[in-house]
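Below are some notes on the charged pairs and the nonpolar surface of this model. Please read them with the structure open.

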Amino acid sequence: MNTQSSNSVDTFIKGLWRENPVFVIQLGLCPTLAVTNSVVNALAMGLATLVVLVMSSLLVSLLRHVIPTQVRMATYVIIIATFVTVVDYVIQAISLDIYLALGPFIQLIVVNCIILGRAEAFASKNGVGLALLDALGMGAGFTFALLCLGSVRELLGNGSLMGHDLFGPQFEPMAIMALPPGGFFVLGAWLLLFAWFKARGARRATSEATRHVG
């Protein structure tokens with residue numbers, strides 16, 4: 001694999017795992033905690049954010065040599081707000097139930113730190129190809145994180161997955177998992193798991209480095 005292909009793959013993969021926006025960088029926690037009481041809501045919010053992130057990164061990258069530095073942040077917000085408005089109407093047209101369940105958090109995608117951060121830190125400094133890969137990786141990583149929380153909360157809180165009952169009438173649901181405190185508990189558990197993976201990777205890297213030196 002040549003250097004350019006390796007760089008492209010790394011740009012996409014980092015958002016999924018090494019720099020996951022929720023589990024590693026810890027951005028976008030407000031919708032992560034608020035709308036992940038079911039898998040469907042988590043998936044809808046993740047896809048909505050992914051679409052806005054990809055389209056805004058594409059436009060910011062295309063216009064990076066045209067947008068004056070002094071007004072770049074205001075311009076990025078206008079670009080992001082435009083795509084959020086489109087996504088808002090599309091979700092409303094596809095499913096009113098999901099639209100009502102997500103509530104104001106669709107409109108609040110405008111102030112999601114992940115999207116504005118990638119526009120400023122990456123899309124405005126790189127070509128269209130890398131900007132799209134970065135946005136796809138970060139959006140997929142955000143959606144993955146929301147699905148992780150939504151799956152656990154729906155399983156424990158309702159005994160179901162995507163609305164399908166899994167454990168029968170004998171199951172006693174943990175009601176707190178469907179409530180906001182359940183979001184904090186599940187997010188804390190996932191953060192501990194990611195911290196453990198990170199620490200294990202660091203120990204292995206140290207061990208291999210020591211072995212090579214020896």
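1. Patches here are made of residues with over 30% relative accessible area and no salt bridge; like charges are joined within 9 Å, and nonpolar side chains (Val, Leu, Ile, Met, Phe, Trp, Tyr) within 5 Å. Accessible areas come from the Shrake-Rupley method with a 1.4 Å probe, and for residues only the protein chains shown count as cover.

2. This is a predicted model, in which local features need pLDDT of at least 70 and side-chain atom pairs count only at pLDDT 80 or more, while totals for chains, interfaces and linings use all residues. Residues are numbered from 1 along each chain as its sequence is written, and side-chain values use heavy atoms, with hydrogens and water left out.

3. W17, F144, L193, W196 and F197 make a nonpolar surface patch of about 470 Å². Helix α8 (residues 180-213) gives the largest share of this patch, three residues. Helices (H or I, at least four residues) and strands (E, at least two) are DSSP runs, numbered from the N terminus.

4. W17, a member of the patch, is placed in the loop between α1 and α2 (29-34). With a relative accessibility of 43%, W17 counts as partly exposed. The classes are buried (under 20% relative accessible area), exposed (over 50%) and partly exposed in between, with a 1.4 Å probe and protein chains only.

5. How many salt bridges does the structure hold? There are four, a salt bridge being a side-chain nitrogen of Lys or Arg within 4 Å of a carboxyl oxygen of Asp or Glu.

6. One of them pairs K14 with D134, with the closest N and O atoms 3.6 Å apart. Because K14 lies in helix α1 (residues 3-16) and D134 in helix α7 (residues 128-158), the pair ties together parts that are 120 residues apart in sequence. K14 counts as buried at 10% relative accessibility, and D134 is buried at 1%.

7. D134 also meets R118 in a salt bridge, at 2.8 Å from N to O. R118 lies in helix α6 and D134 in helix α7, so this pair links parts 16 residues apart in sequence. Both R118 and D134 are buried. Through shared partners, salt bridges join K14, R118 and D134 into one network.

8. R72 and E120 form another salt bridge, their closest N and O atoms being 3.1 Å apart. R72 belongs to helix α4 (residues 72-94) and E120 to helix α6 (residues 113-121), so the pair ties together parts that are 48 residues apart in sequence. R72 is partly exposed at 28% relative accessibility, and E120 is partly exposed at 22%.
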